Amino acid sequence: MSNCELETLPISRAEFQRQEIFKNVAFESLAGYLLGCKTVYPTPGSLLIDPDQPQRRLYVLLEGLMEVQVESQGGTFKSDIHPGHCAGEMSIFENVKPSAKVYAKENCKVLIIEADTALAMLNASHDLCLNFLQILSHRIRNSNKVVCEEEYHIRCIEENAKVDALTGLHNRRWLEEMYTRELNRSNAGDLHLSAFMLDIDHFKNINDTYGHLVGDQVLIAVAKAILKCLRPTDMPVRYGGEEFTIFLPGTSVENAKIVGERIRACIEAMKIPVHKSKDTLSVTISVGFTERKKEDTVEAIIKRADDALYHAKQSGRNRVCLNLGDGSMFLF
């Protein structure tokens with residue numbers, strides 16, 4: 001190549017060799033292709049790649065910083081392109097319009113290679129192909145990492161949305177999903193399943209007398225006591241207000257009676273500290289429970305447990321009541 005031709009190259013040998021994309025590539029093998037390329041100097045905010053006005057070009061960043069912006073239903077995802085890397089390659093390889101916008105984030109120096117020239121350069125240099133594969137693999141790994149992190153955050157948000165912030169128990173949103181799943185499993189296998197409804201006695205009086213902060217302390221203490229009396233496989237839920245519900249998989253009426261009485265006695269024995277006071281507060285609960293019937297629905301089994309709870313409260317509170325589902329109620 002003559003000195004005259006070298007002067008028209010848009011990139012020097014030294015600059016060429018500094019770029020990650022041209023690592024281990026012989027300058028002479030691509031110099032002829034570079035003669036038809038050009039360098040541009042976009043300022044911050046300049047739009048280099050626009051999906052609405054596509055141009056099949058490869059943009060190699062020589063200096064500065066570029067930013068990729070991808071629009072999705074979840075918002076705008078942004079990532080940076082550093083010197084030695086490129087943009088626009090997917091529209092060249094796949095012959096489709098770009099999927100993202102690319103801006104100059106700083107004052108930049110960019111080598112622009114038209115699509116036909118870029119493909120010819122790849123065909124001419126095995127090392128250039130390897131460099132592209134490494135760059136694209138790195139992007140895929142980063143994208144996978146971002147996707148995994150986003151999925152993790154989404155799962156955390158979804159799980160938090162199913163947890164009662166005050167007591168730490170699951171809430172009714174979780175109940176709708178998990179109770180339905182557990183009941184379907186029990187129905188399919190004709191397995192024992194008992195359901196509880198619990199209510200803190202005279203809770204309104206506690207709020208009216210001591211205030212809502214003390215009421216919250218009571219709810220937290222009751223939730224902890226319920227958990228203490230259950231197995232890891234049992235499914236307690238804050239149903240709303242001062243009401244709680246529990247599914248006990250694999251539990252017969254006889255065993256459910258023991259669990260219900262254990263919870264009732266545990267809560268009756270508690271001494272709950274009163275906020276900003278040396279006093280303690282005692283509370284009781286009323287408990288209603290029932291056992292799964294063939295082809296039960298979540299609504300039906302909870303309704304029977306709730307009817308038993310109402311009967312326990314009508315019978316003096318601080319009681320455990322079984323609803324057999326045939327109109328029979330048994331107090332313990």
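**Close-up views of a predicted model**

**View 1. D199 and its neighbours.** Leaving aside residues up to four places away in sequence, D199 is in contact (heavy atoms within 4.5 Å) with E242, E243, T284, I285, S286, L309 and K313. You'll find D199 in strand 9, residues 193-200; helices (H or I, at least four residues) and strands (E, at least two) are DSSP runs, numbered from the N terminus. D199 is buried, with a relative accessible area of 8%, where buried means under 20%, exposed over 50% and partly exposed in between (1.4 Å probe, protein chains only). A quick note on the model: it is predicted, so local features need pLDDT of at least 70 and side-chain atom pairs count only at pLDDT 80 or more, while totals for chains, interfaces and linings use all residues. Residues are numbered from 1 along each chain as its sequence is written, and side-chain values use heavy atoms, with hydrogens and water left out.

View 2. Strand 15 (residues 320-323) runs antiparallel to strand 16, joined by three bridges, and N323 stands opposite M329 in strand 16.

**View 3. The hairpin of strand 10 and strand 11.** Two residues separate these strands in the hairpin, and G241 in the turn has a positive phi of about 60°. Strand 10 (residues 235-240) and strand 11 (residues 243-249) pair in the antiparallel sense over five bridges, with R238 opposite F244 in strand 11. Five of the six residues of strand 10 are buried.

**View 4. T290 up close.** T290 belongs to strand 14 (residues 285-291) and is buried, with a relative accessible area of 1%. Its side chain makes a polar contact with the side chain of R304 at 3.2 Å (a pair of N or O atoms within 3.5 Å; within protein, one must be able to donate a hydrogen and the other to accept it, and residues adjacent in sequence count only if both atoms are side-chain atoms). Among the residues T290 touches are L193, I301 and L322.

**View 5. Aromatic rings.** The whole structure holds six aromatic pairs, meaning rings of Phe, Tyr and Trp (its six-membered ring) with centres within 6.5 Å; planes under 30 degrees apart are stacked, over 60 edge-to-face and the rest tilted. One of them is W174 with Y179, edge-to-face at 6.3 Å centre to centre and 70° between the planes. W174 is buried at 11% relative accessible area, and Y179 is buried at 0%.

How values were computed. Two strands pair if DSSP finds at least two bridges between them.
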